[in-house]
Amino acid sequence: MSAATVAGAIAAHGLPGAPSCPDTPLDDEAWAALRRVLITERLVPVASYAAHAGALAVTEDQRADLLAEHERAMSLVLLLERRLLGAYGALRSAGVDVRVLKGPAVARLDHPDPSWRAFGDVDLLVPGAQFDAAGRVLAARGATRRFAEARPGFDARFGKAVTFVEDDGIQIDLHRTFATGAFGLGVDLDALFTASDVVTIGGEEIATLIRRHRFLHACFHAALGDQEPRLVALRDVAAFVLATDLDLDAARAEADRWGAGAVVARALRLTWSRLGLDPHPAAEWATRHVASRREVRALAAHTSTERSYASQVVAGVSAVPGITGKLAYVRALLLPDRRYLAGRDASYGARLRRAWAARRVARRGAA
Amino acid sequence: MARSTRIARAPATLWRSGPFGRVILAPGDAEPVACTGTAAAVWDALAEPLTLEELATVLAAVFGTDVDTVTADVGPLLAIWRASGAVIEG
């Protein structure tokens with residue numbers, strides 16, 4: 001059994017229909033390979049619980065190794081939560097509406113215990129109208145923006161997220177929406193702020209998305225975030241479906257309204273395939289799902305082997321409302337500020353070549 | 001600390017508990033601190049606010065020893081935690 005296969009089984013540990021983990025300890029070489037995967041995929045806590053329950057056979061050395069890594073992962077999340085509280089408080093004091101995304105919220109609200117879920121950065125969602133103000137608040141706290149804006153106003157109107165890095169390397173991702181390009185532009189952002197759940201962190205009540213929106217965000221992250229999604233992202237999707245009271249029909253209906261039914265279907269297919277879970281109506285629906293032509297084109301920008309930020313942005317042109325909006329969007333894509341180019345492409349010529357290549361990818365997706 | 005003093009986890013303290021033990025990030029600490037053995041048992045017992053006497057009684061039962069011995073043992077730990085803000089009195 002390869003490290004990837006074992007890691008998939010570990011990712012499903014504790015969920016209904018999960019496959020079995022190895023019942024004899026791995027040899028040193030196989031363990032070293034698995035250990036690397038567990039750390040990269042942020043699965044050390046789940047593996048630790050699997051070993052603790054006797055579901056994953058380990059030697060005493062391997063157990064000690066897992067426990068040490070679990071403690072290390074949890075120490076990091078505490079430091080991240082402290083930073084989250086500081087940023088959240090500063091944003092709220094400045095009158096910015098905020099929702100905490102991913103790790104800190106799902107760890108507490110969608111897992112058996114927060115110590116099952118590791119995470120490596122802080123993700124915050126703010127309304128587009130307050131996006132620039134929120135960025136100024138984080139900058140005033142000493143965080144540095146990683147990449148310059150394509151053109152003034154682009155992030156607040158069209159962008160997915162901006163990464164800020166603090167002095168010690170801790171990263172805060174300030175989100176406007178869930179994804180780059182067409183799918184991100186289709187999300188009903190007002191709905192995300194209409195209702196909220198509350199998670200208590202360090203005695204503070206922190207607003208987060210409601211469960212249905214947390215699930216949809218998990219699907220966006222799993223289906224579109226990385227070409228090879230992290231197993232922890234797939235476990236989140238599975239946990240929502242198998243271990244919470246999520247109203248999956250309502251979630252799928254909302255995804256359809258956003259033009260993102262194919263995103264949910266892809267996330268579910270990836271999850272069931274990679275984690276080796278038993279058949280489930282949600283996975284069967286995902287297998288039968290037929291994406292629209294527009295969804296196929298938009299998905300190609302995220303899933304093609306030639307995927308790039310540019311291809312995702314190009315695929316979003318059709319989703320931008322109005323001629324004026326489309327012109328502003330395309331102008332930012334083709335003629336970005338020099339400071340932005342310095343951080344990404346070397347020249348306008350390179351930018352245009354990448355946009356042309358992105359157009360080809362989008363067309364292939366539609367074919 | 002008087003035996004009747006009530007002790008509680010400070011709400012601002014961030015912590016995680018799992019098979020590895022406990023890690024605690026108190027308001028006054030720069031880095032998380034790992035707790036094992038007696039320290040982990042004390043942290044677990046403080047899931048609800050307790051007087052020092054109640055805490056010692058609980059731990060004495062867990063470790064099979066007498067209340068006075070436990071009181072003497074946990075005193076220094078609680079002093080450290082009070083100083084860092086991990087626990088509060090009252």
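Tutor: Chain A and chain B bury about 1,500 Å² between them, and carbon and sulfur atoms account for 66% of that area; buried area here is the accessible area (1.4 Å probe) that two parts lose on being put together, summed over both. Of what chain A buries against chain B, 39% comes from A:Glu71, A:Leu78 and A:Arg82, more than any other three residues supply. This is a predicted model, in which local features need pLDDT of at least 70 and side-chain atom pairs count only at pLDDT 80 or more, while totals for chains, interfaces and linings use all residues. Residues are numbered from 1 along each chain as its sequence is written, chains are lettered from A and ligands numbered from 1 in the order in which they are written, and side-chain values use heavy atoms, with hydrogens and water left out.

The contact between the chains involves 22 residues of chain A and 19 residues of chain B, where contact means heavy atoms within 4.5 Å. One salt bridge is counted between chain A and chain B, a salt bridge being a side-chain nitrogen of Lys or Arg within 4 Å of a carboxyl oxygen of Asp or Glu. The side chains of A:Glu81 and B:Arg16 form a salt bridge, at 2.7 Å from N to O. Five residue pairs, both at pLDDT 80 or more, are in polar contact between chain A and chain B. A polar contact is a pair of N or O atoms within 3.5 Å; within protein, one must be able to donate a hydrogen and the other to accept it, and residues adjacent in sequence count only if both atoms are side-chain atoms.

On the side of chain A that touches chain B, helix 3 (44-52) and helix 4 (60-93) of chain A each supply at least two residues; helices (H or I, at least four residues) and strands (E, at least two) are DSSP runs, numbered from the N terminus. Helix 4 of chain A gives the most to this side, with eleven residues. By class, the side of chain A that touches chain B has ten nonpolar, seven polar and five charged residues.

The domain assignment of chain A gives domain 1 (3-291) and domain 2 (292-367), bounds that come from an automatic or database assignment. The area buried between these two domains of chain A is about 2,400 Å², with 62% from carbon and sulfur atoms. In domain 1 of chain A, the residues that lose the most area to domain 2 of chain A are A:Arg151, A:Thr180 and A:Gln227, together 24% of what that side buries. Across this interface of domain 1 and domain 2 of chain A, the rule finds zero salt bridges, but four residue pairs in polar contact, both at pLDDT 80 or more.

A:His302 is placed in helix 15 (residues 293-303) of chain A. A polar atom of the side chain of A:His302 lies 3.4 Å from the backbone oxygen of A:Thr180. A:His302 counts as buried because its relative accessibility is 4%; buried means under 20% relative accessible area, exposed over 50%, and partly exposed in between (1.4 Å probe, protein chains only).

Methods
Ala, Val, Leu, Ile, Met, Phe, Trp, Tyr, Cys and Pro count as nonpolar, Asp, Glu, Lys and Arg as charged, and the others, Gly among them, as polar.
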